[in-house]
Amino acid sequence: MKKMQIVLIISLVFCLSATTAFAWQYDSKLPVAGKTITTQDMQMKSLFTIYSFGIRAASPTCQTFSIFDTKVTKEKTNGTWEEVWTIDACENKIDVPVTFSESANTFNYTVNPMKVKVNKK
């Protein structure tokens with residue numbers, strides 16, 4: 001019986017530590033920082049996808065992410081424009097290029113993973 005209790009306690013500790021190991025913290029405050037021309041609705045719909053590219057580029061131990069800056073890099077033409085969203089990820093600033101497009105009824109965005117850039121602070 002005592003052996004079973006020890007196994008249960010060890011299992012519980014392992015499960016709790018495993019779930020907290022992947023508990024990233026994101027700043028989801030809207031509007032995001034910078035000079036983005038996206039609406040708050042667009043920001044809300046694209047924010048966590050953009051963060052996912054920051055996670056991939058960040059150091060493995062980093063668990064806290066926030067949007068540090070946004071800027072338009074290609075002006076809006078025919079409903080399409082490009083921006084760079086900079087993520088503050090521990091010791092790195094990560095530039096994530098995003099192409100946005102909108103029409104009367106739709107909103108789309110894409111991230112080119114080959115152009116994500118990591119800048120050391």
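Of the 121 residues in the chain, buried ones make up 31%. These values come from a predicted model, so to speak a computed picture of the chain.

As for the fold, the chain has two helices and six strands. Walking along the sequence, the order reads α-β-α-β-β-β-β-β. Contacts tell a bit about how the chain comes back on itself: taking those with a separation of 6 or more, 48% are between residues 24 or more positions apart.

A disulfide is a covalent bond that joins the sulfur atoms of two cysteines. The count here comes to one disulfide, and the partners are Cys62 and Cys90, with 2.3 Å between their sulfur atoms. The link of Cys62 and Cys90 is right-handed, with 90° about the S-S bond. It ties together distant parts of the chain, 28 residues apart: Cys62 sits in the loop between helix H2 (40-57) and strand S2 (64-77), while Cys90 belongs to the loop between strand S3 (80-89) and strand S4 (92-102).

The two cysteines can also be described by their accessibility. Cys62 has a relative accessibility of 2%, so this residue counts as buried. Cys90, on the other hand, has a relative accessible area of 32% and is therefore partly exposed.

How values were computed: Residues are numbered from 1 along each chain as its sequence is written. This is a predicted model: local features need pLDDT of at least 70, side-chain atom pairs count only at pLDDT 80 or more; totals for chains, interfaces and linings use all residues. Side-chain values use heavy atoms; hydrogens and water are left out. A disulfide is a pair of cysteine sulfur atoms within 2.5 Å. Helices (H or I, at least four residues) and strands (E, at least two) are DSSP runs, numbered from the N terminus. Buried means under 20% relative accessible area, exposed over 50%, partly exposed in between (1.4 Å probe, protein chains only). Contact means heavy atoms within 4.5 Å.
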